[in-house]
Structure formats: C-alpha cells, structure tokens
Amino acid sequence: MGGSRDGRRWGALCQDSRDPQRQLQWVELFDQLDTNKDGRVDINELREGLARMGMNASSDAEQEILRAGDTDQDGELDFEEFTRYLQARERKLLLMFHSLDRNNDGQIDVSEIQQTFHSLGVYISLQQAEKILHSIDKDGTMTIDWHEWRDHFILNPLENMEEIVHYWKHSTVLDIGECLTVPDEFSEKEKKTGMWWKQLLAGAMAGAVSRTGTAPLDRLKVFMQVHASKTNSMNVFGGLKGMIQEGGVRSLWRGNGINVLKIAPESAIKFMAYEQIKRVIRGQQETLRVQERFVAGSLAGATAQTIIYPMEVLKTRLTLRKTGQYLGVADCAKKILQKEGIRAFYKGYLPNMLGIIPYAGIDLAIYETLKNTWLQKYSQNTADPGVLVLLACGTISSTCGQIASYPLALVRTRMQAQASIEGAPQPTMLGLFKHIVSREGVLGLYRGIAPNFMKVIPAVSISYVVYENMKQVLGVTSR
C-alpha cells in the first residue's frame, strides 16, 4: 500500500514537471531573477530577487541555491541549471509535504501543522499554527495544497521540517560570562557536514572576545562578592579605582586568561554529554521538549562543570591575586596543590552544582514564555520571531537565570577565596549562607550584582557581532 502511494506521489511530480504550464512558470521565475537579461542569474540577482519576492527566509539562501544549482561552478545559474535545481527542490518539497499530510488527503490543515511542531519538541498554540497556515494558504481554504506548499518554499533552501522550526530553539550564542546555559542542538545535516564544530568554534571565539571586553567588570564583580560589606561600602567606581591603584590598568584583566581558556573544553564536554543524555531520554529523536531540554541541559552542564571546576577555582584565585603573588596559571595551580592539597580545587563545588538547576530552568522557561508571548501578540503573518526578538528574549532570560542563581554563585566564590587564607575558618555552604544573612541581610547575597548587570548588554552585543562575523569567516550557514 505504502509503495503504491509513493509511486502516485512521484508520478504526480513527474507529470507536474512535464506540464507546459509549470515549465512556463519556471521561465517566468527565471526572467524575474535575471534582471540584466543576459540569460544568467548571479548571486546578487538571486539576493535581490529573493528579497523582492519575500522568499529569503535565511540570510544566506542565495548562497545555498547557487551552491546546489551551479553544476559548472562558474558562479552563475543558466536556465538549464536553474530548471534542474527546481526539479530537485520539488522532489524534496514533495517528501516534506507528505510528511505533514498525516491523513494523506492531499491537504495540510492547522492540526497537522501543530502535530508536526509538537513531534519536533516545539509546542505552539492553535493561533500560532493558524498564522503559519495563513502565510502559505493563498486561496483562503484554511488548508495548504501541494501547489501552495511548493510555490511558497520553492526558493527556500530549507531541507526538512526540523530546519523549518530550528529558529524556535533556545540558542547559546549569547555569552554573558557564565557557561550555565543549555547546550545547543544540531541537526543530522550539521553533524554530517561538520558544521557543528564550526558553530561551536564561532561561539567559543565570540565568548573569548566578549569576556575579554567585559573582563574589568567581571573582576570587579568577584572583588565585590568577596570583599564588599556593610562596613566598607565598596561601590563600582571605588572598586575599579582600588584595583588600578594596586596593580595598574592591566590588573583589570587578571583572571581573564583562564576564563577564556575554559570556554573550549567546557563547550566541548557539555555538547558531547548533552548528545549522550539526549539519546538516553529520547532515543535517536532529534529534538527534545522544553522540560526534557532542561533535564538534559542541567545534567550536561553538571558534567562539564565537574570536569573543569578546578579551572573555576584557578580563575577566582587569579582574579583576586595581588601583584606578584602568582607568576601565571601553572604557578597558581602548583602553589594551591602544595599548600592546600587536591581538595582545594573543589572548594565551592556544591553551591556551583546547585546553581545550575535554577539557572537552566528559569532561563529556558522565561525564554520560551517571552518568545511565545511576543509571537501571539505581535507576529501577524509569520511564525519567525526574528533575530532581534530572540536576542532580547535570550538576554532577559539569561539575566533572570543569573539573578536566581546569584546567591549560590556568591557563596561559591567566597568559599573558593577563603580557602586561600591561612588560619581562616572554612565554613560550609549553609554556614556561609547563615553568616552572610545574619550580618548583612538578604541583600548581602547579591554583592557585586551591579557590575554583573552592567556587563550583560555589552557582553551580548560583542558576542553576537563576533559570532556573526566568525560564521562568515568559517563558512557557517545560517540556521
């Protein structure tokens, strides 16, 4: 039965592509793109033509079309190449159409759109599904037939439904100095082509530049977490002034080297752990629901933090060091090992692990809520929220996650710092919480949060700009 149905599908497509009316449409489409009428379409004509038609769903759609269709590699498409590309493209679109047409009636309705998104771990409302349908439905029947589907996506190089909904996922492009976010997911195509490691590399470079640019504020945050109290009333300007007086302007970047160095191993470990945990939770399925991403992301984050945690301790010690105290990372590690033993490298480990759970949970929940609220209220004809909206959602959700986990981060930093003071008491996590609250109140748990807030917008801006430029350098296609 399935074989005969597939045969009818291919037969319909073959008949469609031999149809003189369809071939005439291809000629008209080619003429629309070929603005200088030289019988060839170059990348600029493709870009301009896609923009005019409103078909450029991804920023490098024209590159994808040229890469797939330009068989003689001359950087242009002649009519024969263009026709072959459209025939191949329609074959893929037909498979996608029938994967959505779950009851095989030749029409896609709202419930089938909703079911497809749900099967990919993306939960959309009936209203959102209707918006997607309206953007494709040209005859007002409240269903999408094959011709409407084909004409809407013919010059959109998306390969499958997973890619069509990819922009809904929570991405970790934003680097605000805390590696606690849920790892990104990659499609099978990205894994096979090696695009995943290029995206991780672009993200690591963006994080390195972002953290270096905001390092003075990060060092100030750590200083205020450890030294600020009711009695000394350390503030942002006083803290910066004190650090410069003690070690000069260069001292503002103390601890930045190890902070940048730990990005790559943490990202790689988190990604590999996430992939393995994802398989355990959902088998071989490509995407996870929000709550499953929270569980998998928290476990992956905990795995990565456990392995690289000694680097976190080194970062705190190097950030707080006085001029001449350590010669560098290796010297710092050697002195800690000699004087305090191996256990010193895991001081503050428990509050650090506990901080991952509220951070990941609140970050994901607020991101999904903000994104869906914006789509329901302001998105008229599309399900794509756009880059700026996703950036705003990601920034707000990450900031809220940090606020929730900040007291645990402060206690972790205090425990890491106090271990270096000879003869100083070494309180437990609960003991330190009680001590801070009893002496300074609940606000004492948020010492240093002002510079932390100050660095969010520049950190996000820098990391996004660097990420986009690194994608171009590495040849990473937009998702």
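The model is predicted, so keep its ground rules in mind: local features need pLDDT of at least 70, side-chain atom pairs count only at pLDDT 80 or more, and totals for chains, interfaces and linings use all residues. Residues are numbered from 1 along each chain as its sequence is written, and side-chain values use heavy atoms, with hydrogens and water left out.

**Stop 1: Arg40 and Glu76**

Select Arg40 and Glu76, whose side chains meet in a salt bridge at 2.8 Å, N to O. (A salt bridge is a side-chain nitrogen of Lys or Arg within 4 Å of a carboxyl oxygen of Asp or Glu.) Arg40 sits in strand 1 (residues 40-42) and Glu76 in strand 2 (residues 76-78), so the pair ties together parts 36 residues apart in sequence. Helices (H or I, at least four residues) and strands (E, at least two) are DSSP runs, numbered from the N terminus. Arg40 is partly exposed at 22% relative accessible area, and Glu76 is partly exposed at 21%. Here buried means under 20% relative accessible area, exposed over 50%, and partly exposed in between (1.4 Å probe, protein chains only).

**Stop 2: Arg150 and Asp151**

Next, pick Asp151 and Arg150, another salt bridge, at 3.0 Å from N to O. Which of them is buried? Arg150 is, at 2% relative accessibility, whereas Asp151 is partly exposed at 36%.

**Stop 3: Lys315 and Asp218**

Now show Lys315 and Asp218, which form a salt bridge of 2.9 Å, N to O. Lys315 belongs to helix 16 and Asp218 to helix 12, 97 residues apart. Both Lys315 and Asp218 are buried. The whole structure has 13 salt bridges.

**Stop 4: the second largest pocket**

The second largest pocket has a volume of about 760 Å³. Of its 27 lining residues, the closest to the centre are Val226, His227, Ala417, Gln418 and Ile421. Helices that each supply at least two lining residues include helix 12 (215-227) and helix 19 (387-418). The lining divides into nine nonpolar, seven polar and eleven charged residues.

**Stop 5: Cys393 and Cys400**

Finish with two cysteines: Cys393 is buried at 5% relative accessible area, while Cys400 is partly exposed at 26%.

Key:
On a 1 Å grid over the protein atoms alone, a cavity is a set of points where a 1.4 Å probe fits but cannot get out, and a pocket is an open set with protein on both sides within 12 Å along at least five of seven lines; lining residues have an atom within 4 Å of a point. Grid points are joined across faces, edges and corners, and a volume is the space filled by probe spheres set on the points. Ala, Val, Leu, Ile, Met, Phe, Trp, Tyr, Cys and Pro count as nonpolar, Asp, Glu, Lys and Arg as charged, and the others, Gly among them, as polar.
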